[in-house]
Amino acid sequence: MKSLINIAIAFFGFSSALILQAEESFIPDPPSLNSSNYILIDSATNRILAEKGSEERMEPASLTKIMTGYVVADQVSEGFINIDDEVVISENCWRKGGSRMFIAEGSRVLLSDLIKGMVIQSGNDASCAIAEYVAGSEENFVKLMMKYASSLGLTDSNFVNPTGWPDIENYSSAKDLATISRNLISGFPEHYSLYRVKSYTYNDIKQRNRNGLLWQDDSIDGLKTGHTETAGYCMVSSAARDETRLIAVTLNSSSEKTRLTDNRRLLDYGFRYFKTKKILSAGEILKENKIQVWGGQKESADIAPDDDLYVTLPARDFKRVESILVLNNYVQAPLKEGQVVGKVVLKLDDKEINKVNLVSLERVESQGLFGRAWSNIQLIVHRFLMEES
């Protein structure tokens, strides 16, 4: 049995009467786009703000390199490789066609330079060299990509190369690409910072970042473009304004210009009509609320969210959000630090819009044998009285 206790979190600053009187926000449908498939999400909450055919399997072209970047960033983070490592370039990678970094066969190139060549210059040769260095071969790297795809919960993606070179078996979806991008941004901020770099020079060859939105708006700091004849013009973009970060994915636009316009329209739509706000921070003590502990050397323990709690809504709808504190009843010692003891639920019009677990911030040891026996008697009586009331 659990108890539901309505609480007013200080952030909201309104009474229940105001909740009932607040007016609902009405917003227009998403803008018309040239792209056949798209999605717009808020990065913090993963709320979908606009979509069309977002789960349809499509050729991602060079957007595949976002997944390649995610894999190499995690491998660096785990300490398996180092960005200062030197990579020997194979003939296989030197011969790659399409967009290139122009690395020479047999040369030694820093992994950090290869990552820049892949991210900023979209080099197929750089992507190949990264794959061979990380996993020994492109084939092994593809297997690694799919392990990461599974861990990220991607359901509509299959990668057969690290570059996005046209292949009927190399596919993803707008939704999956947004998921990869969201995890890359939050998990590897240092790596993600490369996606906003406007140009990179290697071997005395300067190449511009193909993301033209970087020159249009300083809030836009990524992400990647792609193009093949069969995939059309594709793009993933991201921008942050105040606490709100949005990610837009458009697939199969008809031209380089329309893919920029499509992404800009989605971002502008999202920032105009939606805001993201942090309600609670991970580890933030709920000072007015503790968890009661039965049979412990302490009668209660401090509690806090185990993760940040965000909500994304039209600005006026924040006034209508109801916060509910749900604490587990009859928590008995021993209580571990970090043990889940409840949750905070946010609702809008009785619909759950987000939640976060609450955990104990303290370890509470059990009482001695006599104390535990007496506490058990008290708990039995308490339960009886609660059930009878």
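**Exercise 1. Determine the handedness with which α4 passes α5, and characterise their packing.**

Solution. Step 1: in this predicted model, α4 passes α5 in a left-handed crossing; a crossing is left-handed if the near helix is turned anticlockwise from the far one by less than a right angle, and right-handed if clockwise. Helices (H or I, at least four residues) and strands (E, at least two) are DSSP runs, numbered from the N terminus.

Step 1: helix α4 spans residues 111-119 and helix α5 residues 124-135; their axes come within 8 Å and cross at roughly 135°. That angle makes α4 oblique to α5. Angles under 35 degrees count as roughly parallel, over 145 as roughly antiparallel, 65 to 115 as roughly perpendicular and the rest as oblique. Axes are lines fitted to C-alpha atoms, for helices over the stretch in contact, and angles run from 0 to 180 degrees between N-to-C directions.

Step 2: on the α4 side, L111, L114, I115, G117 and M118 meet A126, S127, A129 and I130 of α5. Contact means heavy atoms within 4.5 Å.

**Exercise 2. State whether S181 is buried or exposed, and identify what it touches.**

Solution. Step 1: S181 belongs to helix α7 (residues 174-187). Step 2: with a relative accessible area of 0%, S181 is buried; buried means under 20% relative accessible area, exposed over 50%, partly exposed in between (1.4 Å probe, protein chains only). Step 3: leaving aside residues up to four places away in sequence, S181 touches I66, L223, V236 and I247.

**Exercise 3. Describe the protein as a whole and the confidence of its model.**

Solution. Step 1: the mean pLDDT (the predictor's confidence in each residue, from 0 to 100) is 89, and 88% of residues reach 70 or more. Over residues 1-22 the pLDDT is below 50, and this stretch has 40 contacts in the model beyond near neighbours in sequence.

Step 1: the secondary structure comprises 10 helices and 18 strands. Of the 389 residues, 49% are buried.

Note on conventions. Residues are numbered from 1 along each chain as its sequence is written. Local features need pLDDT of at least 70, side-chain atom pairs count only at pLDDT 80 or more, and totals for chains, interfaces and linings use all residues, while side-chain values use heavy atoms, with hydrogens and water left out.
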